Amino acid sequence: MGIKSLLLCTDAKTVQTLTRVLLEMGMDVELCGDPSIARESLSLHHFDAILVDYQSEGTTNFLSEIRSDPTQRNAVAIAILESRTDAPGAFARGADYVLFKRISQERTNHKAASTSTRTERRLTPRIPVEANASIAYASTENDVIRVLDLSINGIAIYSPKPLPRDCKVYFQFSLPGEPATIRVSCEVIWQNDSGNVGMRFADVPKASRRVLDYWIKNRVGDQLQVAHSPANEPSSDLRQKLVAQLGLIAAPPSDRRHQPRHQCVLGAQVSRAGTTVQQRCVISDISSGGCYVETSEPLPVGTSVEMTIRTQELNLRILGNVQSVHRGLGMGVHFNSDTLPAELKQLISELENQVAV
């Protein structure tokens with residue numbers, strides 16, 4: 001069972017581009033054009049990565065819903081955006097990364113030209129492996145690489161340098177718990193700029209085939225269970241692969257939300273605590289714990305700030321600390337006091353009622 005991804009998007013060109021790249025990475029892709037169908041899939045399956053077109057109708061609060069779902073909260077959440085101005089709102093709703101459509105098409109088209117496109121879907125389970133292998137090819141002998149996973153038909157490795165696609169690669173390695181040495185030859189099927197390489201077995205001696213088949217057979221059950229485990233947090237390798245292949249921009253880990261954030265457009269003035277120099281900003285979302293301030297000149301993390309929020313009915317002063325920064329976009333601010341002014345509590349309550357309606 002491969003790594004599962006859900007792609008919620010109705011833009012044909014974006015779907016075509018991202019689907020190709022995700023398949024090349026060895027991921028199973030479930031396509032959805034309707035948020036209601038996507039929600040049904042989320043209720044039935046665990047996904048390792050969830051990509052949401054932020055401009056599609058009905059997806060405004062989709063990322064927030066993912067973060068509130070205990071079976072999906074460890075999934076890598078990616079917002080697909082048209083422009084940088086949409087990034088603060090996506091981060092505020094729980095996106096781990098944002099992906100701009102223009103950048104994704106340029107980067108992925110470049111990747112397609114420089115890598116071998118893998119068109120087949122995996123039909124056999126891939127088993128994660130922690131083992132080193134000795135490889136030889138062309139004029140290279142006894143290089144040491146890291147085995148990532150294998151199946152009855154092939155193997156995935158990490159190699160610090162590109163492998164040739166026009167000759168056989170010879171492997172020699174031992175599997176965990178197996179004393180026998182396995183010797184096989186392979187053909188390169190795909191590789192990417194991050195050093196990950198997928199290969200198909202070409203020649204497997206009978207003795208090595210017996211060891212491979214026995215070892216994989218005894219682990220397939222465990223692998224299937226792990227693949228569907230809601231507690232299985234995506235590995236750093238998966239995040240690194242997605243970032244490298246798609247050109248993602250990350251939200252800092254501190255930007256994860258403990259209270260639900262509500263979309264808004266509030267005029268505000270923000271200054272360092274104790275100073276009179278103010279920035280005119282816009283608050284794009286708010287909760288009882290903090291808010292996101294859109295500004296092209298965010299203050300450093302840890303800065304104490306004083307905010308004045310103004311509406312037709314309100315003129316509130318709130319103290320907070322900058323908790324996260326997205327350069328050129330904005331900053332997340334954590335309110336210092338758990339006791340908010342009654343007027344602000346009323347405003348948040350009204351925003352909650354609007355979402356409920």
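Predicted model: local features only at pLDDT ≥ 70, side-chain atom pairs only at ≥ 80, totals over all residues.
Local features were taken where pLDDT is at least 70 and side-chain atom pairs at pLDDT 80 or more, while totals for chains, interfaces and linings use all residues. Residues are numbered from 1 along each chain as its sequence is written, and side-chain values use heavy atoms, without hydrogens and water.

Helices (DSSP runs of H or I, at least four residues) and strands (runs of E, at least two) are numbered from the N terminus. A helix is expected to span 1.5 Å times one less than its number of residues. Helix 1 (residues 12-24) has 13 residues and should therefore span 18 Å, which agrees with the 18 Å between its end C-alpha atoms. Its buried residues (under 20% relative accessible area, 1.4 Å probe, protein chains only) include Val15, Leu18 and Leu22. Gly26, which follows helix 1, has a positive phi near 90°.

Turning to the strands, two of them pair if DSSP finds at least two bridges between them. Strand 11 (residues 196-203) runs antiparallel to strand 8 (residues 154-158), joined by five bridges; here Ile157 is partnered by Val197. Strand 11 also pairs with strand 10 (residues 181-191) in the antiparallel sense, over six bridges, and Asp203 is the partner of Ser185. Four residues separate strands 10 and 11 in a hairpin, where Gly195 in the turn has a positive phi of about 95°.

A nonpolar core joins buried Ala, Val, Leu, Ile, Met, Phe, Trp, Tyr and Cys residues through side-chain atoms within 4.5 Å. The largest has 27 residues, and Leu150, Ile155, Phe171, Phe173 and Met199 touch the most other members. Strand 6 (127-137) gives the most to this core, with six residues.

Methods. Buried < 20%, exposed > 50% of the residue type's maximum accessible area, 1.4 Å probe, protein only.
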